Amino acid sequence: MSDNPIEKITTKIWRETPEPDNPFAAANCHCCGYDVYGDLLQNASYIDYLYLLFKQQQPTPEQSALLQGLAIALANPGPRDHSVRAAMSAGVGGSTHASAMIAAIAVGAGNLGGAREVFHALEYWQHCGASLEAWEQIIKDPPQLGREDVWLPMEHAPGFDPNGVSCPTPVKQTLAHLADVGKGSHLQWLDTHRTALEEFAGYPLAFSGVAAAALHDLEFLPEQAEMLFLLLRLPGAAIHSLEQERLGWRKYPFFANGFKLNP
Amino acid sequence: MPVHSKLETFEDNWRTSMGGWSPEGKVVLRGKDVFKDLGNNSWMEYLLFASTGKESPKIARLMEGMWVICTSFPDPRIWNNRVSALAGTTRSTGVLAAAASVAVTEATIYGLKPIKGATDFLYRADKRLAEGETLEQIIKAELKQYRSVYGYGRPLVTGDERVEPMMDFARSIGCGEGKYIKLAFAIAEYLSNSRFKYQINIAAVCAGLLADEGLKPMEFYHMATLAFTAGAMPCFIDALDHQEGSFFPLRTSRLNFTGGETVKHWRV
């Protein structure tokens, strides 16, 4: 044995005890103090476990209802969404199923309708809270990036759709539902002041903006919100990719006549 | 109701000068016929032209030297390579391994962020020097604002063994004497004598060499995207060649649990 100290993974989230016959297999797994296979498996809903994983505590009924609603609203952005199209592009070509998920994550990670937009929108919530004046100020004079980053600067106010015309019905329905079940002050404030904010932004509210408000009410940090948003939108990418894999590339748009190479 | 989405203009209408394929069998890249004009290029020359529009065997050769000397150590402990080794040990595919490793390479303490950030810093520092600031003022301002200077300092060790061989290679092809690489080493001189003791790392060296060839931060970033794959792939293959699951297995006692010991019960 080496005299060097054994390197370990430090975690506040997960504790294991080994099986008597195998130190590489866990007999008990505790997540944030709860016995995962002896308690949570029987008693917790998936959504509540998801909340526990991120927040390290059991949600209140309102928090649970809010996350449940958000998860349903985001689970399938539909086959026109960029991230789902990425997954379907993997599907029609017969790519690996993992690549479809990777494609959906990569495309759904961005500043336009993606997880990075939610990250920035959370930063806006942290900065502005429920101050209409602060929102007006930050939307009209957005923070500038200091030094170059791999992420590009936002090209529109985060949480709003630069290609939108008016706030789509599903976005309004989701906002109203989440504000109702979650009892969160920021969602309710957003519901009340949506049109004023849309006037500041020049664009209608988007799903990313509703998600950001919901996750701010759930006291998620921007980086936690970014991760969860990536996660919650994957089911739609998966099933649409599988559907297009079965149908094949001949039944999927190739934009044969839409591509125009400049002379 | 009238249709007035600005997306309507773009429906089935992607206009581009970048290039494309036609069913007649012609392939164009940035206005050039791939088969007739670019078919004899090296892959690195082709990538350089595709990513930047520059046609320069010298820059391509310099970049190729960087890829060999600086970016693809086949060590599975390095975090991006470790992802490929883990993919190998779990018997995933090589492409998934490489894709994940490339994605992970967009890191803060190594890889793409320092590459882009160091190039950006050299350009900003040069501009501020021209405006009359001293190097000390520029570096102190950078440290005060960001608590680090991309291209200087390194995890695990202080020095960077790649600097000398990379500079040797650069000089061998007529590079290494421009103002940006000199600036990179002038910053290193200041920082190594400061209380921070940061030494130059390879990101600043490559940034300086490529800035002297006219590459902007975004161009270097695009060119460096795939640079680390030759380190990841052998790690994947090596793990495939070992028993499945054998890459640095962890027993349960390797978790250092720092949370509370109280066992809680879920409220139903």
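**Packing, contacts and confidence**

User: What pLDDT do local features need, and which conventions apply?
Analyst: Residues are numbered from 1 along each chain as its sequence is written, chains are lettered from A and ligands numbered from 1 in the order in which they are written, and side-chain values use heavy atoms, leaving out hydrogens and water. This is a predicted model where totals for chains, interfaces and linings use all residues, side-chain atom pairs count only at pLDDT 80 or more, and local features need pLDDT of at least 70.

User: Within what arc do the buried residues of α1(A) fall?
Analyst: Buried means under 20% relative accessible area, exposed over 50% and partly exposed in between (1.4 Å probe, protein chains only). In α1(A), V36(A), D39(A) and L40(A) are buried, while Y37(A), L41(A) and Q42(A) on the other side are exposed. Taking directions from the helix axis to the C-beta atoms, the buried residues line one face of α1(A), because they fall within an arc of 110°.

User: Which helix of chain B has the highest mean pLDDT among its elements?
Analyst: pLDDT is the predictor's confidence in each residue, from 0 to 100. Chain B averages 95, with 99% of its residues at 70 or more. Among its elements, α7(B) (residues 135-146) is lowest at 94, and the highest, at 98, is α2(B) (residues 43-52).

User: How are α2(B) and α3(B) oriented to each other?
Analyst: Axes are lines fitted to C-alpha atoms, for helices over the stretch in contact, with angles from 0 to 180 degrees between N-to-C directions. Under 35 degrees counts as roughly parallel, over 145 as roughly antiparallel, 65 to 115 as roughly perpendicular and the rest as oblique. These two axes come within 9 Å and cross at roughly 110°. That makes the pair roughly perpendicular.

User: Which side chain makes a polar contact with that of S84(B)?
Analyst: S84(B) sits in α4(B) (residues 79-89) and counts as buried because its relative accessibility is 1%. A polar contact is an N or O pair within 3.5 Å; within protein, one atom must be able to donate a hydrogen and the other to accept it, and residues adjacent in sequence count only if both atoms are side-chain atoms. At 2.6 Å, the partner is S101(B).

User: Which backbone oxygen lies 2.8 Å from a polar side-chain atom of Q58(A)?
Analyst: Q58(A) lies in the loop between α2 and α3 (61-75) of chain A, and at 11% relative accessibility it counts as buried. Beyond four places in sequence, Q58(A) touches residues including Y34(A), Y51(A) and W266(B). The oxygen belongs to R267(B).

User: Which residues of chain A does F257(B) contact?
Analyst: F257(B) is in β5(B) (residues 255-257) and is buried, with a relative accessible area of 16%. Leaving aside neighbours within four places in sequence, F257(B) meets T11(A), K12(A), I13(A), W14(A) and R15(A).

Methods. Helix = DSSP H or I, 4+ residues; strand = E, 2+ residues; numbered from the N terminus. Contact = heavy atoms within 4.5 Å.
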